[in-house]
Every structure is written in structure tokens, then in C-alpha cells.
Amino acid sequence: MKAEEEKVTGLPENAFRELKEGEEYKPLMPADSNPKEVTPWSVTWGLLMAVLFSAAAAYLGLKVGQVFEAAIPIAIIAVGLSSATKRKNALGENIIIQSIGASSGVIVAGAIFTLPALYILQAKYPEISVNFFQVFMSSLLGGILGILFLIPFRKYFVSEMHGKYPFPEATATTQVLISGEKGGSQAKPLIMAGVIGGLYDFVIATFGAWSETFTSRVLPFGDAVASKAKVLFSVNVGAAVLGLGYIVGLKYAAIICAGSALVWFVLVPLIPLLGDSLLQSINPAPYLEGGKLTGGIASAIPEDIFSEMARHIGIGGIAMAGIIGIVKSWPIIRSAVGLASKELKGGKKEGAQVDKRTQRDLPMKIISIGVIIALIVTFLFFYLGVIHNLVYALVGIAVVAIIAFLFTTVAANAIAIVGTNPVSGMTLMTLILASVVMVAVGLKGTAGMVSALIIGGVVCTALSMAGGFITDLKIGYWLGSTPAKQQSWKFLGTLVSAATVGGVMIILNKTYGFTGEGALVAPQANAMAAVIDPLMSGTGAPWILYGIGAAIALLLTFFNVPALAFALGMFIPLQLNVPLLIGGAVSWYVGSRSKDEALNTARLEKGTLLASGFIAGGALMGVVSATMKFAGADFMNKEWVEGDWAQILALVAYAAIILYLAKSALSAKKDNI
């Protein structure tokens with residue numbers, strides 16, 4: 001058995017296709033084997049990865065609105081560590097390291113999409129209080145509920161539907177883990193790119209050697225065009241965002257950028273033509289005292305027209321894209337619920353499957369008791385720590401339980417098909433629904449805002465966890481790990497990640513903030529705050545703008561264009577979308593230069609490693625830079641970095657790092673695959 005484990009060559013031939021009648025999938029680590037999985041080594045490194053990547057993903061996500069998937073970089077590091085220390089038969093351990101560590105990305109996605117909105121609203125309503133306990137408990141309870149709700153559906157998604165879903169991220173991570181058994185050499189380009197990308201972004205964030213964003217205002221007449229025609233071009237020159245674009249790929253990057261182009265080059269210039277009286281009736285909030293449009297739309301800069309008007313169209317698009325996703329997934333939800341109900345009722349399992357190590361989940365009784373306890377603790381958290389009203393707390397827990405369970409399968413299905421979790425769209429719907437329900441039962445104002453956002457944070461984290469965890473379980477299914485062990489130790493990874501995210505969010509808020517000049521963008525959280533504020537304050541929501549976005553999403557769906565990607569582009573700032581297109585173009589370029597498909601594949605894979613290094617290195621050094629500023633060590637040359645020459649130098653530096661990414665990826669050889 002040991003010899004078999006040492007000579008790993010790849011997944012079985014039937015790993016990615018549907019099984020024939022009577023055919024069985026046999027993973028790399030056979031069901032009758034007893035591989036090393038949960039050991040002090042795997043648990044320690046898994047928790048360390050959870051801490052590091054929670055910090056990195058929180059920083060990057062709040063900055064650009066996109067949370068990178070930590071699974072692949074963690075898998076690469078895991079196999080590199082096992083190779084460097086000459087650990088034999090480490091595949092099972094590496095799966096556990098990856099599974100525990102990957103809690104970071106999913107917890108971060110759940111937290112940063114909603115909870116920074118508390119800080120954003122606090123700037124407007126000082127009576128709102130935000131503390132570590134609220135952020136931590138929202139992330140922890142949401143993560144636990146996501147795990148518990150998903151486990152009954154594991155067999156459906158990873159086994160019953162074998163070969164019917166592509167699982168793109170799980171496929172990539174699985175291949176990395178397999179390659180680790182061949183020596184782990186893939187860690188080298190990742191580490192090199194991590195150092196280069198990390199230093200590059202560290203120099204920008206800490207010293208301001210060149211500007212972080214290039215804008216068309218630097219060009220002749222650029223400022224006049226921006227102020228009069230309301231047309232502005234901008235691009236973030238960071239290494240981390242470039243790497244993110246490479247991994248997203250040209251197709252989805254182009255769709256995201258198309259949404260951004262529609263808003264910035266069409267809608268933002270056209271909106272001022274409607275006049276202040278009509279715009280104020282559509283969205284009164286920006287015209288209230290202290291609002292960004294109190295001086296009139298004609299004098300507003302393009303950035304303010306985007307944030308106060310055009311972005312709401314993107315919010316409507318995201319919400320409708322989420323509804324469309326649920327409608328399309330309804331047959332799958334019914335099937336999965338039926339399977340779970342059968343197991344919960346104690347339905348007999350088939351033959352030998354009951355005893356197979358590779359099919360062994362946590363017992364359904366434990367899951368049932370766990371769900372009940374988690375919901376009781378969540379109710380107590382709402383009642384004692386957030387709402388302080390029995391009726392409101394009961395309404396809140398009902399919203400969480402129903403929506404989190406219903407949308408769990410939607411999140412898992414989305415990951416299984418395209419590798420993208422539409423959690424932001426579903427969370428927007430949750431917030432709108434929670435706000436409408438809370439207002440109906442009498443909870444309004446700032447107390448209602450905090451309650452709705454905490455409820456949204458729990459649901460968002462649960463959905464994010466469900467989508468991410470199905471990837472881990474599919475990896476384990478292909479390779480032959482024990483599902484119950486992955487499920488048990490995922491809870492610890494969730495605890496550590498939730499604590500890390502809470503701390504990092506507080507540091508980033510005190511260092512940069514989420515509102516005002518120089519603040520972190522936090523686009524999803526800003527969108528959530530924009531939705532909650534009018535609903536709870538009685539000002540009225542910009543339903544017309546939401547409706548326009550919803551209509552665009554429906555039209556896109558009719559023409560088979562991914563509505564969620566387009567809508568995300570509509571409300572994420574242009575400067576953060578353009579680098580996605582550039583990174584996606586680099587990915588297309590390096591993967592299409594040769595007539596030899598095997599060589600193109602090798603180049604793309606090396607580029608993925610380099611891009612992962614940019615993401616991890618840039619994001620981690622961003623956290624280091626933020627921590628230094630938090631401690632009072634500020635080395636930024638503000639006069640220089642705000643000047644035109646800093647932006648021109650930024651283009652030169654950006655061209656250099658793009659060239660490094662492309663040339664290094666093109667240097668890959670087939671025998672390195």
C-alpha cells in the first residue's frame with residue numbers, strides 16, 4: 001500500500017467523466033488504506049495558513065472587492081513544505097492543511113462583504129458602536145452554520161453527481177496536490193513571484209515610490225474632460241490585482257470590464273443630463289445635508305456620480321443575478337433537500353458504502369444537534385449582543401435559518417459549475433429582505449441597520465463557507481481522504497480565521513478607514529451600507545436605479561451573458577477592473593502562443609503559480625504595511641505620490657511587472673508540468 005501511495009501519477013481515467021452503470025470511482029488513496037491525515041504537522045500548518053491567508057485575503061478583499069481563493073496557494077505551500085522536509089506519503093496531510101487553511105478565504109469573503117458596512121455607517125451615525133465580539137461572532141457562527149448545512153449535501157454534489165460538474169477550482173487544487181507527490185517543485189516560482197509582488201506592493205503602500213493608481217487626469221486636457229464631460233479612465237498598478245486578473249481569465253475579466261465601461265463611459269457622463277430635481281426624486285440620500293451631491297450634479301466629480309447614483313444600478317443587477325441563480329438551481333435544491341431529508345430520517349445507506357472510509361461523514365445525529373445548538377447560540381448572540389429584544393431576535397434567527405439553508409445548495413452549485421460563488425448577490429437580497437421584515441415588525445433607525453448587517457454577515461459567511469467547503473470535499477473525494485476528518489477540523493479552521501479577520505478588520509479600519517480619501521474601497525460593504533441606510537432611515541431606497549440594474553441583468557441572461565460578473569463590474573470602481581482585464585489578457589497571451597497545446601498548458605500553469613505568488617505576496621505585504629502605519633511608522637511621501645510624475649512612474653513600474661509575469665510564464669517547458 002505504501003508503494004502505491006509513493007508512486008502517484010495522476011487521477012484515475014474516470015475522475016472527470018460520468019460513471020457507467022455499475023462502475024465505481026476509486027480514489028488515489030484507496031478506501032481500505034489508512035493514510036496519514038490528521039497529525040500535529042497537518043493541523044499546525046493548516047492553522048498557520050488560516051491565520052496568514054485570512055490577514056492577506058481581508059486586506060486584498062477590502063481593497064479591491066475580490067477575495068482570492070486561498071486553496072491553490074496553500075496547497076502549493078503544503079506540498080513544498082512536505083517536499084523540503086522529505087515527508088513520505090504526505091498527500092493525506094496536505095489535504096488537511098489545505099482544508100483547514102482554506103477556511104481563511106471563505107470566512108473573509110463572508111465578513112468583508114457585510115461587516116465593514118458597520119464602520120461605514122458609523123462615520124455617518126456616531127451612535128453606532130462596533131466591537132471585535134460582533135465581527136468575530138458573526139463570522140464564526142456563519143461559518144459553523146455553513147459547514148453544518150452543507151454536510152448533508154456532500155454525497156449529492158461530490159458523489160451522486162460525479163462527472164456532471166466540472167469543479168474548476170477543486171480540479172486545479174487537486175492537480176497541485178498530486179504534483180506535490182512528484183517533488184513539489186511548483187512552490188519555487190510561487191515563492192519567487194511572492195517575493196517580487198510583495199516587495200513591489202510594499203514599496204507602493206509604505207513609501208509611495210510611485211502612485212498606486214494612474215488616471216487620465218495626468219494627460220493633457222484630462223482634468224478638463226473629467227470635470228466637464230465626466231469621463232475618467234483609471235487603473236490600479238498593484239501586483240496583487242494583476243495576479244487576480246490572470247487567474248480570473250480573459251473571458252470573465254472582459255465581462256466585468258464591460259460592466260464597468262457601461263457605467264463609467266456611458267452612464268456617469270449621461271446621468272448629469274437628467275438634472276438635479278429628477279435625480280433627487282430618484283435617490284434623495286446624496287442631496288441631504290452632508291451628502292456628496294449637495295452642490296449639484298453639474299459640479300460633482302465622476303467618482304461621486306458613480307458612488308451616489310450609477311453604482312446603485314450595479315446593486316440592482318447583482319440582486320437580480322442572485323434571483324436568477326436561485327430559479328435556475330431550484331431542481332438541484334429540491335434534489336439535494338430530498339437526499340438530506342432521507343438521511344436525516346435514518347434512511348438506509350447502500351451496501352458497503354456505509355463502512356467505506358472515503359464515504360464516512362459526521363453522523364447525521366451530530367449534525368442535527370450541531371445545527372440546533374448553533375441556531376440557539378446565534379439567537380442568544382442576536383438577543384444579548386445585538387438586538388436586545390426577544391421578538392426582533394426571533395425574527396432575525398428565522399431569517400438566518402431559512403435563507404442560509406435554502407441558499408446553501410445555490411452556493412455549492414455555483415462553485416461546482418463555474419468556481420464562482422454569487423454570495424454578494426444573495427447577501428444583498430438577504431439584507432433587503434431582513435430590512436423589510438425588521439421594519440415591518442417595528443425595528444428601524446441605527447439599531448435596525450446594525451441588526452440587519454449582523455444578520456446579513458451571518459448569512460453571507462454561511463453561504464461563503466458552503467461554497468468553499470464543497471471544493472475541499474470534492475478534492476478529498478478525488479484523492480481519497482476521510483470526509484469526517486475534513487469536516488471535524490474545518491470547525492477549528494473557521495474559529496481561527498474568524499478571530500484573525502476580526503482583528504485585521506479593526507486594524508485596517510483604524511489605519512485606512514472605509515470612507516473618505518485614502519480609504520480602502522470595500523465595494524461590497526459600501527453597497528450593503530447604501531442599501532441598508534435608506535431602508536432603515538426612512539429616506540427611501542433608489543428603487544428605480546435598482547430596477548434598471550435588474551432589467552440589465554435579465555437582458556444579459558436572455559443573451560447568455562453571465563449577469564453576475566457584468567453587474568459586479570458595474571459597482572466595483574473602474575481602476576480595480578481594468579487590471580483584471582490586463583491580467584486576463586496576459587493569461588490569454590501566454591496560453592495561445594504555441595501550436596503545441598501541452599506547451600500552452602505548461603505556460604498557463606506556471607503563470608497561475610506566478611499570479612498566485614503576486615496575490616499572496618502583495619496582499620500579505622499590504623497587511624504588513626497597514627500594521628506599520630497602525631503602529632505609527634508612516635514613511636509615505638505624500639507630496640510626491642500625489643504629483644503627476646508619480647503616476648507616470650507608476651506606468652513604467654507596471655509595464656515592468658507585466659513583462660516579468662508574461663516572460664516568466666512563457667519560459668515554462670512541457671517537462672515541468
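**Reading burial, salt bridges and cores**

Guide: Lys 485 has 32% relative accessibility and therefore counts as partly exposed. The label follows cut-offs: buried means under 20% relative accessible area, exposed over 50%, and partly exposed in between, with a 1.4 Å probe and protein chains only as cover. This is a predicted model, in which local features need pLDDT of at least 70 and side-chain atom pairs count only at pLDDT 80 or more, while totals for chains, interfaces and linings use all residues. Residues are numbered from 1 along each chain as its sequence is written, and side-chain values use heavy atoms, with hydrogens and water left out.

Visitor: With which residue does Lys 485 form a salt bridge?

Guide: A salt bridge is a side-chain nitrogen of Lys or Arg within 4 Å of a carboxyl oxygen of Asp or Glu. The partner of Lys 485 is Glu 37, and their closest N and O atoms are 3.7 Å apart. Lys 485 lies in helix 20 and Glu 37 in the loop between helix 1 and helix 2, so this pair ties together parts 448 residues apart in sequence. Helices (H or I, at least four residues) and strands (E, at least two) are DSSP runs, numbered from the N terminus. Glu 37 is buried, at 2% relative accessible area.

Visitor: How many salt bridges does the rule give?

Guide: The count is 12 salt bridges. One of them joins Glu 93 to Lys 36, with 4.0 Å between the closest N and O atoms. Glu 93 sits in helix 4 and Lys 36 in the loop between helix 1 (2–6) and helix 2 (40–64), so the link spans 57 residues in sequence. Glu 93 is buried, with a relative accessible area of 0%, whereas Lys 36 is partly exposed at 36%. Another pair is Arg 217 and Glu 303, whose closest N and O atoms are 2.9 Å apart. Arg 217 belongs to the loop between strand 1 (213–215) and helix 11 (222–229), and Glu 303 to helix 15 (residues 302–344), so parts 86 residues apart in sequence are tied together. Arg 217 is partly exposed at 26%, as is Glu 303 at 27%.

Visitor: Which residues touch the most other members of the largest nonpolar core?

Guide: In soluble globular proteins, nonpolar side chains tend to be buried together. A nonpolar core is a set of buried Ala, Val, Leu, Ile, Met, Phe, Trp, Tyr and Cys residues joined through side-chain atoms within 4.5 Å. Here the largest core has 203 residues, and Tyr 200, Phe 382 and Met 505 touch the most other members. Helix 19 (residues 445–479) gives the most to this core, with 20 residues. Apart from it lies another core of eight residues, among them Trp 41, Phe 53, Ala 78 and Ile 97. Beyond neighbours within four places in sequence, Tyr 200 is in contact (heavy atoms within 4.5 Å) with residues including Trp 210, Val 237, Ala 653, Tyr 654 and Ile 657.

Visitor: What share of the chain counts as buried?

Guide: Of the 673 residues, 60% count as buried, and the chain holds 27 helices and two strands. Helix 5 (residues 103–112) is mostly covered, with 10 of its 10 residues buried.

Visitor: Which residues make the nonpolar surface patch?

Guide: Patches are made of residues with over 30% relative accessible area and no salt bridge; like charges are joined within 9 Å, nonpolar side chains (Val, Leu, Ile, Met, Phe, Trp, Tyr) within 5 Å. Ile 372, Ile 376, Leu 380, Tyr 383, Leu 384, Leu 390 and Leu 394 form a patch of about 650 Å², with areas from the Shrake-Rupley method. Helix 16 (364–387) and helix 17 (390–418) each supply at least two residues, and helix 16 gives the largest share, five residues. Tyr 383, in helix 16, is partly exposed at 31%.

Visitor: Where is Asn 560, and is it buried or exposed?

Guide: Most residues other than glycine have a negative phi, and most peptide bonds are trans. Asn 560 has a positive phi of about 60°. It lies in the loop between helix 22 (543–558) and helix 23 (563–571) and is exposed, at 71% relative accessible area. Asn 89, with phi near 50°, is in the loop between helix 3 (71–84) and helix 4 (91–101), and Asn 89 is buried at 16%.

Notes
Areas by Shrake-Rupley, 256 points an atom, 1.4 Å probe, with all protein chains shown as cover.
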